[in-house]
Amino acid sequence: MAKVSIKSERITPFGGIFHVREQFSRYVGPVIDKVLGLRCTSFGYQYGEIAGSLASVYFCGGDCVEDVTSHLMPHLALHPTLRTCSSDTILRAISELATANTTYTSDTGKSYDFNTATKLNRLLVKALLSTGQLMAGASYDLDFDHQFIETEKYDAKMTYKKFTGYSPGSASLLVADFRTIYILLKV
């Protein structure tokens, strides 16, 4: 004879994300808020909470930012203390952090756009230091290269390889114990 048991309505297929989000909120969230500053002083979401919401999408197998609102929100709302924001808030916060490109013109008249995103680069280094992936005062070897992605999107540029596309920078950092940290920079 089979036993029938009644389960709580609060069971979620994404319950494992709660521990990850708690650790993120404890260790990485404060670093994000300290480096980027407070986004609001009253009721809104801080950058640390927004980054945690965005990370939840990809940790739970999502494909796009909108998945947090359309699929995950009912499940993530079950946690008593973690706040999850909507995809609109995530996209608005990402837009707030955007910086303008700097255009350099070579001696031959060719123009190149660069975007150093100083605040986000500082955040990247501080987060790696706070999580122990980098050690202050240690020496590291950085390898940087561009990857060319062919596309016909409206903001794509002609590359020196004679096609239209993106050329994001890809960097890898060789750490003393031979772990490699990959960093993707859109340049």
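Reply: Happy to! Let me start with a helix end: α2 is followed by Gly 61, whose phi is positive, near 85°. Helices here (H or I, at least four residues) and strands (E, at least two) are DSSP runs, numbered from the N terminus. This is a predicted model, where local features need pLDDT of at least 70 and side-chain atom pairs count only at pLDDT 80 or more, while totals for chains, interfaces and linings use all residues. Residues are numbered from 1 along each chain as its sequence is written, and side-chain values use heavy atoms, with hydrogens and water left out.

Me: How far apart are the end C-alpha atoms of α2, and what span should its 13 residues have?

Reply: The expected span of a helix is 1.5 Å times one less than its number of residues. For the 13 residues of α2 that should be 18 Å, and the end C-alpha atoms agree, being apart by 18 Å.

Me: Where does α1 bend?

Reply: A straight helix of 20 residues would span 28 Å, yet α1 spans only 24 Å between its end C-alpha atoms. The bend at a residue is the angle between axes fitted to the seven residues ending there and the seven starting there. For α1 it is about 45°, at Ser 25.

Me: Is Cys 85 buried or exposed?

Reply: Cys 85 is among the residues in contact (heavy atoms within 4.5 Å) with Ile 90, leaving aside neighbours within four places in sequence. Cys 64 is partly exposed, with a relative accessible area of 32%. At a relative accessible area of 0%, Cys 85 is buried.

Me: What is the bridge partner of Tyr 104 in β2?

Reply: Two strands pair if DSSP finds at least two bridges between them. Strands β1 (residues 102–105) and β2 (residues 111–114) pair in the antiparallel sense over 4 bridges. In β2, the partner of Tyr 104 is Tyr 112.

Technical notes
Buried < 20%, exposed > 50% of the residue type's maximum accessible area, 1.4 Å probe, protein only.
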